[in-house]
Amino acid sequence: MRRAGRHGRQPPQGSPMENGMRQAPGTPEPPAAEGPLAPRAPRARPRLVFHTQLAHGSPTERIEGFTNVKELYAKIAEVFGISPTEILFCTLNTHKVDMQKLLGGQIGLEDFIFAHVRGETKEVEVTKTEDALGLTITDNGAGYAFIKRIKEGSIINRIQAVCVGDSIEAINDHTIVGCRHYEVARMLRELPRAQPFTLRLVQPKKAFDMIGQRTRSSKALGEGRVNSGKETLRLRAQGPAMLEEGPSPCKEEATHRVDDLLESYMGIRDSELASTMVEVAQDSAGAAQLAHGLASVLGDFAFPQEFVAEVWAAVCPSRVGQE
C-alpha cells in the first residue's frame, strides 16, 4: 500500500484544488500570480437619482449630482426652467407647507422632493407690544429666511396675513435676503417696543387644496427627523455629500432637545445645525471643550456660555459635573 505524503493524499490528476474545494474536471486552472497582487479597484459610488415636483403642481422630473442645498436648488430649477432664486424651500414626501417634513441636511434615498416657489408678496405692519413676537425662524441654506412656527396667542398669531412658510424678504424696507436665520431673529429681537415696523413677506405659491392653510404651531416629537436605520444622503455646506445610516434613536432625541434649546435661546429651529452640535458634544470631554469646538466649527453664532452648558447637559446628561 502506498502511503500518502506529509500533507495528506494528493488530489487525482485533472482535479485541481482551489481554496480547499475540489474543482470539477475540466475547470481551467487559475493563472499563477505574478508579483504582488494588484490593488482592488475602488467601489463605484452608486448613482443617486431623486424624483421632484413643484409643490403647486408640475410634471415629475428627476435630479442627481448635487452635494449641497444650493446645488440641489440649481438642479431643480434647471429641470423646471426656473431661476434657483424662485425656490423658497423644499419639503419631503408632501406638497403641503408642512414644517415637520421640511428638507434639512438629510434626504432619505427614497424621499420625493417638493419645491415650494415664490408666490405673492405682501406687506404687514406690526407693533411690538412685548419683547417676543412669537415667531420661530429657519432658513433654506440658500439665502432665504422664513417662518417655521407661530406661537399661539402671540403678537404675530393675531395678524392673519402672516403664515407659516412665508419668507421674510425685508424689515422696514431693509432687505434681509442672504442673511442667516439667527441674524434675522436677532434683528427682530432688537426692534424697539411700541414702535410699528413693516415686514415684507413672500408666501409660497399655493395649489388649490392649500388655499386657506395658515399655521402649524404645535410641536411634534418627530419634527425634522429621518427614519432611523435607513440610509440617507447628508448634504454639507462644505465638502461632498455623504451616504450615512439614519440617526440612532439616542442621537435623534439629543438633536431634538438641542433644536428646542435653539428655539428657546435664539428663536430659530435648524435640525441640521442641532445635529452638528450633538456630534461636536459627543466628541468633547466636557463643556469647556464643547465651547471650543463650537467656536471653531460654528464661530459665527457666538453661543453664550450658559447656552453651551445647557447643550452639554442635553446631549451628555450622565457626564455633567464629571469634566
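Biologist: Why are α4 and α6 called roughly perpendicular to each other?

Modeller: Helix α4 (residues 271–282) and helix α6 (residues 305–315) pack at about 80°. Angles of 65 to 115 degrees count as roughly perpendicular, so α4 and α6 get that label. Their axes, lines fitted to C-alpha atoms over the stretch in contact, are 10 Å apart. Keep in mind that this is a predicted model, where local features need pLDDT of at least 70 and side-chain atom pairs count only at pLDDT 80 or more. Residues are numbered from 1 along each chain, and side-chain values use heavy atoms.

Biologist: Which residues of α4 and α6 make the contact?

Modeller: Contact means heavy atoms within 4.5 Å. On α4 that gives M277, V278, A281 and Q282, and on α6 F307, V311, W312 and V315. By class, the contact has 7 nonpolar, 1 polar and no charged residues; Ala, Val, Met, Phe and Trp are among those that count as nonpolar.

Biologist: What makes β7 and strand β12 a pair?

Modeller: Two strands pair if DSSP finds at least two bridges between them, and strands themselves are DSSP runs of E, at least two residues long. β7 and β12 (residues 196–204) have 8 bridges, in the antiparallel sense, with L199 in β12 as the bridge partner of V124.

Biologist: And how many bridges join strand β3 to strand β7?

Modeller: There are 3, with β3 (residues 50–54) and β7 (residues 113–127) running parallel. At least two are needed, so β3 and β7 pair as well.

Note on methods:
Axes fitted to C-alpha atoms, helices over the stretch in contact; angles between N-to-C directions. Helix = DSSP H or I, 4+ residues; strand = E, 2+ residues; numbered from the N terminus. Parallel < 35°, antiparallel > 145°, perpendicular 65-115°, else oblique.
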